Amino acid sequence: MRSIGWRIAGSFGVVLVLLSSIGILAFLSIRSLNSDIQWVIHTHLVIENLDEILSLLTDAETGQRGFLITGQHAYLGPYTSAITQVRQRLQTVYDLTHDNPQQQARLVQLTALIQRKLDELRLTIVLRQGPGGFQAARTVVLTNRGKQIMDGIRVVVTAMEQDEQSLLTQRSMATQASIHDTILVIAVGIPVAFLIVGLLAFVITRSIAVPLGRLTATAEQIAAGQINTKVPEVRRRDEIGVLQQSFRKMQERVTERNAALETSNEALRRSEEQFRLMVESVKDYAIILLDTAGHIINWNVGAERIKGYRADEILGKSFSIFYTPEDIATGKPQYELEQALTNGRFEDEWWRVRKDGSRFWANVNITPLYTAEGTHFGFVKVTRDISERRRAEVEMQALNADLLQRTAALEVAVKELEGFSYSVAHDLRSPLRSLDGFSKYLLEHSRERLNAQEQDYLYRMRMAAQRMARLIDDLLDLARVGRTPMHIETVNLSELATDILAGLRRRDPQRQVITTIVPAMLVQGDRGLLQIALEHLLENAWKFTSTRKEARITFDMIASAGERVFHVQDNGAGFNMAYVDKLFHPFQRLHTEEEFPGTGIGLALIQRIVQRHGGRIWTEAIEQQGATFYFTLGEDKR
Amino acid sequence: MNEPVILLVEDNRDDAELTRLALSDCRVANQMVWVQDGQEALDWLCCTGTHAERDPCLLPTVVLLDLKLPKINGLEVLERIRKDPFLRRLPVVILTSSKEEQDIIRGYDLGANSYIQKPVDFEQFTHSIKELGVYWMVINEPPPSGTKCENA
């Protein structure tokens, strides 16, 4: 991947190389120039030293001549110092020209000449100081050897200086060339460098800044809210391309998230609206939002309806406005908030006040509200006007009192009835016994004195008495069944039925009855009452099958819809279903006494017993084909 | 040694007569002593009041006791008999029209030896009385005679 980083690094590299090259070139030029200048200086030094040597020699000669003429030692000063300095200069020139063999050769020649000159000068001085004096010295000078040596020295020096001059010319030209080169390097290199840097800047700007700028503009637009601004398409694979791609993805994600947020916002708004409508539409409950100090922040239509204030009248007021002055005096409103905070809830039924000052009996619930972080921020107070209920309760209490009174009266009546049935049991039977007993006695002991009709009447009297006795017994049973307390225990109906049928067989041994009893029908009930009920049911079946040759009695059970239905079925006389409604009424009979004897109490008694157990009894019959009595014992209710 | 007697406590003349008729069938009728209320029954048993002249050594073999009686009712008579050290072992059979549960329970609680409801049907009535007579007069071994006689 050609990354922007590499490109920028490359550009800087080029610039660096360029500037380095220019610098190196300039450095080299200047060093070369410096070298050339050194050489020029060097040449000048050689020439200067050679000139000085000539000058010193002249000084020495001058001093010699002055001494020679005057004989005064004062003229020997310049001579002495000149000799010393000449030797130093010679050494200097020797050092400076050691790289030039030609000059060195000449220098050797020069040194020899100078030595000869100096020897000639010292000879004359010595001679002037000796016995020959001035004349001896003058002879030597007049030989002109000194002058010849001096000329020879000048020739050599001139030759050396000419050499140096020609070297100087050469070196000056080289210096000129170096200066030219340096200027050229600087004058050309820097503009070229500028050009290249400018070019690179242009290229980089074009390839980075421009697309980046475009992207920035887009980002600014998006940031300003124009979320759908199109991100410019650039098919690049560098950072810009990646940035662009990421930016596009980000835009897509933001758009998606926005859409999702929009959807959930909409859902939230709708749910909030629904909740608001729901709370507002509650008309029977005042729902009031309080802040922590008990000021009303919000409330619903129900509150308006119950309290009588409009929302704008009440918002911001303390909720104690709903309390009676007595309650406010005792600090009840604040107490209730404290209780709600302590116990998480407060409930009360007490008087509250409407806007018009009227009072109503209210049920009040106060619950503290907490944020998700657990900060308490207020209370919700739900108030219900239960004046009606209270009125109903008061009425109910009155009714209850009335009921208690009536119950007491009823208890008295029941007591009386008990006394009544006790008397009936004792007193009503005695006369019947007399009737029956004495009729019987007459029938037995005076038969020969009575005719057939008289005997028949006595017989009828006996029958009537006995029937009356049965009626009394059944009536007493009916009364007893209704009032004796029940003792619930497990009772095996199958065993009871078996015993009862065995008793009936003993009573009517001549009858042939096929009995079927499903074993182990266990129920919870009052043994005594169930015994009476089964006795009557089975006796009925026994009685109404008396005309059948093949009598059948079945006692069975079916379970249906969670309760057991017991049934006693016979194939006896049955009855017409048109009269089924009358069947369970006391003293109601569907057959004559001659057909089937009976008091008409039995079924009423059975129904009474079944009902006391919480059960139901019903029957199905077909005339002359048989009847089925069904009963339940309210097992599903217990 | 006197003949054994049955003491019948019965306020109803007819019932008394019917009882007598029934007993006559098993030849114990003349051994029946009939008193008409609770007070008289106690007088007879304790030889007090109108029966003060009676031979105190004579105790009935069995007492047939109606419950609904004038003056002192049958259950109270029974209670007094059971509290009397001389009479307390006396066999007492309640013979009454009612078979009210409360009467039966109270009767046995007070120590009745038997409880019989008088049937209306005279045949059944006769049958019951006969059985009763035979049982108490013949089959049942009575308690030994009390000590009161010897001491008196």
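**Helix H1 of chain B**

I looked up what the buried residues of H1(B) pack against in this predicted model. I then listed the residues concerned: Asp15(B), Leu18(B), Thr19(B), Leu21(B), Ala22(B) and Leu23(B) are buried. I checked the geometry of the helix, which covers residues 13–25 of chain B. Its 13 residues reach 19 Å from the first C-alpha to the last, close to the 18 Å expected at 1.5 Å a residue.

**Contact between the chains**

I turned next to the interface. I recorded 15 residues of chain A in contact with 16 residues of chain B. On the chain A side, the elements that give two or more residues are helix H11 (387–445) and helix H12 (452–483). The largest share, 12 residues, comes from H11(A). By residue type, I noted that this side of chain A divides into 6 nonpolar, 5 polar and 4 charged residues. For the complex, the predictor gives an ipTM of 0.71 and a pTM of 0.43.

**Confidence in chain B**

I read a mean pLDDT of 84 for chain B, with 90% of its residues at 70 or more. Over residues 147–152 of chain B, however, pLDDT stays under 50, and the model has 5 contacts for them beyond four places in sequence. Where pLDDT is low, the predicted coordinates should not be read in detail.

**Chain A overall**

I counted 15 helices and 12 strands in the secondary structure of chain A. Of its 638 residues, 24% count as buried. Among the contacts in chain A with a separation of 6 or more, 63% join residues 24 or more positions apart.

**Nonpolar cores**

Which residues have the most contacts inside the largest nonpolar core? I found Ala497(A), Ala533(A), Leu534(A), Leu538(A) and Ile609(A), in a core of 42 residues. The elements of chain A that give two or more residues to this core include helix H13 (493–507), helix H14 (527–544) and helix H15 (602–612), and also strands S9 (551–560) and S10 (563–570). H14(A) gives the most, with 10 residues. Apart from this core lies another, of 34 residues, among them Ala22(B), Leu23(B), Val77(B) and Ile129(B). Returning to Ala533(A), I noted that it touches Ile606(A), Ile609(A) and Val610(A), not counting residues up to four places away in sequence.

**Strands S10, S11 and S12 of chain A**

I traced the strand pairing here. S10(A) and S12(A) run antiparallel and are joined by 5 bridges; Gln569(A) stands opposite Thr628(A) in S12(A). S11(A) and S12(A) also pair in the antiparallel sense, over 6 bridges. Ile617(A) has Phe631(A) in S12(A) as its bridge partner. The hairpin of S11(A) and S12(A) has 3 residues between the strands, and Gln624(A) takes a positive phi near 70° in this hairpin.

**Phe596 of chain A**

Last, I examined Phe596(A), which lies in the loop between S10 and H15 of chain A. Is Phe596(A) buried or partly exposed? Phe596(A) has 16 other C-beta atoms within 10 Å and is therefore partly exposed, since a residue counts as buried at 20 or more. Beyond its neighbours within four places in sequence, Phe596(A) is in contact with Lys543(A), Phe544(A) and His591(A). I noted that Phe596(A) and Lys543(A) are 53 residues apart in sequence and 7.0 Å apart in space, C-alpha to C-alpha.

How values were computed: Residues numbered from 1 in each chain as written. Chains lettered and ligands numbered in written order. Predicted model: local features only at pLDDT ≥ 70, side-chain atom pairs only at ≥ 80, totals over all residues. Contact = placed C-beta atoms within 7 Å. Helix = DSSP H or I, 4+ residues; strand = E, 2+ residues; numbered from the N terminus. Nonpolar A, V, L, I, M, F, W, Y, C, P; charged D, E, K, R; others polar. Core = buried A, V, L, I, M, F, W, Y, C linked by C-beta atoms within 7 Å. Buried ≥ 20, exposed ≤ 12 C-beta atoms within 10 Å, placed from the backbone. Expected span 1.5 Å × (residues − 1). pLDDT = per-residue confidence, 0-100. Pairing = 2+ DSSP bridges.
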